[in-house]
Amino acid sequence: MSTACDVLRERLGLAAVTELRPREMAAEVQLDQLPAIADRAVASGLRLVSLFASDEGAERGFTIHHLWSGSEPATFMRLSAHVDPARPRFPSIAAKHPAANWFEREIMDYFGLVPDGHPNPKRVALHDDWPEAAWALRKAFVDGQSVPRVEGDFHPFRPVTGEGVFQVPVGPVHAGIIEPGHFRFGVAGEPVLYLQLRLFYVHKGTEKRFERLPWRHGLFLAESISGDTAVGHALAYAHAIERLLGVDVPPRAQYLRVVLLEMERLYNHVADIGAIATDVAFTVPASRAQILRERLVTIQERLFGARLLRGTVGLGGVKCDLTVGRRKELLIHLERLEGEFDDLIKLLIDSGTFTDRVDDTGVLGRQVAQDLGIVGMAARASGLDLDLRRDQPHDAYAALRFQVPVEEGGDVRARLMLRAREVEQSLLILKQALEGLPEGSVLAALPDSLPPSSSALGWAEAWRGECLHWIQTDARGQITRAKITDPSFKNWPGLAEAVPGNILPDFPVINKSFNLSYSGNDR
Amino acid sequence: MFSILVKSLKTGVVTKADPFSARPPFGFPVVDFPSCTGCAECVQVCPTGALQADSSTPGRKTLSLSYALCIQCRECVEACPERAIQPGREFEVASYSREQLTQRAAFDVDGATGQATFRGMEVRPGPSLEESAATLKERIKGRLGRSLHVRQVDAGSCNGCELEIVATANPVFDLERFGIHFVASPRHADLLLVTGPVTRNMEIALRRTYEGAPEPRVVVAVGACGCSGGIFGEGTYAAIGGVDRVLPVDVYIPGCPPRPQAILNGLLVAMGVREARLKPEGPAPLPEPGRGIAE
């Protein structure tokens, strides 16, 4: 047994810890032990990264999984506990660990397992017109059926009362070209008292869909979890499949995957910076950012065959390659981008009218961010130093030198400046990856089928934050459960905390500074 | 302020004069049906069922390709042992019906050897592109010829289509020069640009948005998912599927996601100022519908 196993076993007070694969530990525990173990996990610096259920079939019942990430030792740790189908309940940890809040309620919605002791055990994913006992992720639930609508009350939003105090409903169809979701603001004039979210309008049954598709086709479904994170999710899925199969990705492909993931980060960060300028009506930098973004996606199409990098990641490697000439072309393009990008940032932060709007706007405090389990760029802009590229390196990141920028402000400006600094680091990473690209093949051969009754975790630190895919196979080697954890699912509650106290007209820019995916959240 | 002005002057015009001139490296797959042997390897690798084979009739076999379902993943191009599927570079693919996006070839199968020989293109009877264009023109009565107000509705998309729709308004494509303008309310809109798959949870909101738009309201379905449900399928507990499962659709813009040029083209088709074309460069031209098997 490795030392990492011993350390975790001791810290969490477990009987045994199994090392499934490098950076992937697992332990089976009793259901009632979960809350105490969660307390010990948090006390010893572990971070809750996902919490989900799986249906093991009519006889065997359900399993609740708590997935933790730690840096000392640097590993993921999955605790699983059996749930008796005759008693479909599990102990909640959300009262003490708010990061578990939505996760546990989603289990309630899709599996019909009741989180005992949850402080707010209401539906999160299911809309009001869903019938009771239609638990979509149970094995007994047939995918190809339409779920009848039930008559019921309109979503009960928290009431506001008082003179001059009222509610502002927004959505689900928004004024801009963005995804659908409903926001309910309680306002006293312009200042926002609270923000309530009603999401899951674009729930597409993605996790259930993975169970129906052949595992090779699942890659394309992964690319469509959130269209702006096609590479991030494709990588997380590919990693999970490769770990299940025990396949090593060729070094050249690992480097090219880094190139793809950083290109995705670049084009999204540049677009977001422009969109933040748009939302405070500063059109010149907005247009400049749009031009830079368009040039990036154009060269992506030229070099990798797809503007939004779809179809570039393959299972076992990548489906594209870069010749020396094309690498040079990309490096020249990036060098030019760097200069133009610096000008763009200077233009923004030298403008007092702009900084007035973004400074101290939409503050998400460090403690709140930590308690809610905020991840990725939004977490780093609130002073939390976490990044899986460094903490649990995937692909070629362990071989590359880069820094993880952290901003302390937690406001719109911090999220803007964090993006700017990450662009700088991405350019550095891209230069190293393109210049140090190893020779060799880009795609490993794969066996014909997945190992039966097995499971694996895949992860990637995409531009918005960490994408995690937990894939489980049945006795025939078919995917029987795919748990997709998108960073947006963890970060939406952060937006609801950052908005109150600001004025309503600042909401668009605060929202844009997080730029969360509805599709990734709703799946 | 002065530096902004200098920078803008130095940048000059970045807008592409003809956005349709540059061909992408990959648009949609083009099947050279005469050199196809009907092995159906492509059908096996297609993740969305865009390619489908039917051999239920003895001695006959058909192979069909629907751009409505195609997510442009290129798996079929790689898989074809005969190299009969080529990476097409056509992207201005828009149509007035789902069927117009489908091609189907018939093969004769030798009972003894199992070898399939191309027999001809088989087309389901339905209105041709010209007839559909005339119908749409009649419906909008030239009212949308010069300006078009568009309300975009995401009815379930992964946001990939939204990224490309936003890109049509960037300085490079600048769709406002064609008189096309995105508006904030369906009440101001001539056209709804809808992405899918339409989810169960968005169905009511989509219907209400449609009801809120004044006549003659045109509906354009965008993306593989908006045209057909795409990788998410149709009729699942959460995804109803293509936009036409919920609303009458006038124009379909396939692709995953369609490039900004394809979206722009589709909008111009919907305005009646551009004709829909379905001309994949390949040796298998689509014969006039209604003629059955082309000899």
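Helix crossing, domains and chain contact in a predicted model

The crossing of helix 14 of chain A and helix 16 of chain A is left-handed, a crossing counting as left-handed if the near helix is turned anticlockwise from the far one by less than a right angle, and as right-handed if clockwise. Helices here are DSSP runs of H or I with at least four residues, strands are runs of E with at least two, and both are numbered from the N terminus. This is a predicted model, in which local features need pLDDT of at least 70 and side-chain atom pairs count only at pLDDT 80 or more, while totals for chains, interfaces and linings use all residues. Residues are numbered from 1 along each chain as its sequence is written, and chains are lettered from A and ligands numbered from 1 in the order in which they are written.

The axes of helix 14 (residues 412-435) and helix 16 (residues 507-514) of chain A come within 9 Å and cross at roughly 35°. Axes are lines fitted to C-alpha atoms, for helices over the stretch in contact, and angles run from 0 to 180 degrees between N-to-C directions. From helix 14 of chain A, the residues A:Val412, A:Arg415 and A:Leu416 meet A:Val509, A:Ile510, A:Ser513 and A:Phe514 of helix 16; two residues are in contact if their C-beta atoms, placed from the backbone, lie within 7 Å. By class, this contact has 5 nonpolar, 1 polar and 1 charged residues. Ala, Val, Leu, Ile, Met, Phe, Trp, Tyr, Cys and Pro count as nonpolar, Asp, Glu, Lys and Arg as charged, and the others, Gly among them, as polar.

Chain A is assigned domain 1 (3-116), domain 2 (165-198) and domain 3 (206-522), with bounds that come from an automatic or database domain assignment.

Strand 9 and strand 10 of chain A pair in the antiparallel sense over 6 bridges. They form a hairpin with 3 residues between them, and A:Gly189 in the turn has a positive phi of about 75°. A:Val192 in strand 10 is the bridge partner of A:Val187, and A:Arg198 in strand 10 stands opposite A:His182.

The C-alpha centres of domain 2 and domain 3 of chain A lie 27 Å apart. Their contact takes 13 residues from domain 2 and 11 residues from domain 3. On the domain 2 side, the elements that give two or more residues are strand 9 (182-188) and strand 10 (192-198) of chain A. Strand 10 of chain A provides the largest share of that side, 5 residues. By class, the domain 2 side has 10 nonpolar, 1 polar and 2 charged residues.

Chain B is assigned domain 1 (29-90 + 102-121) and domain 2 (129-271). The centres of these two domains of chain B, taken over C-alpha atoms, are separated by 29 Å. Domain 1 of chain B gives 8 residues to the contact and domain 2 of chain B gives 9 residues.

Between the chains, 44 residues of chain A are in contact with 46 residues of chain B. Helix 5 (218-223) and helix 8 (283-304) of chain A are the elements that give two or more residues to the chain A side. The largest share of that side, 7 residues, comes from helix 8 of chain A.

Definitions and conventions:
Pairing = 2+ DSSP bridges.
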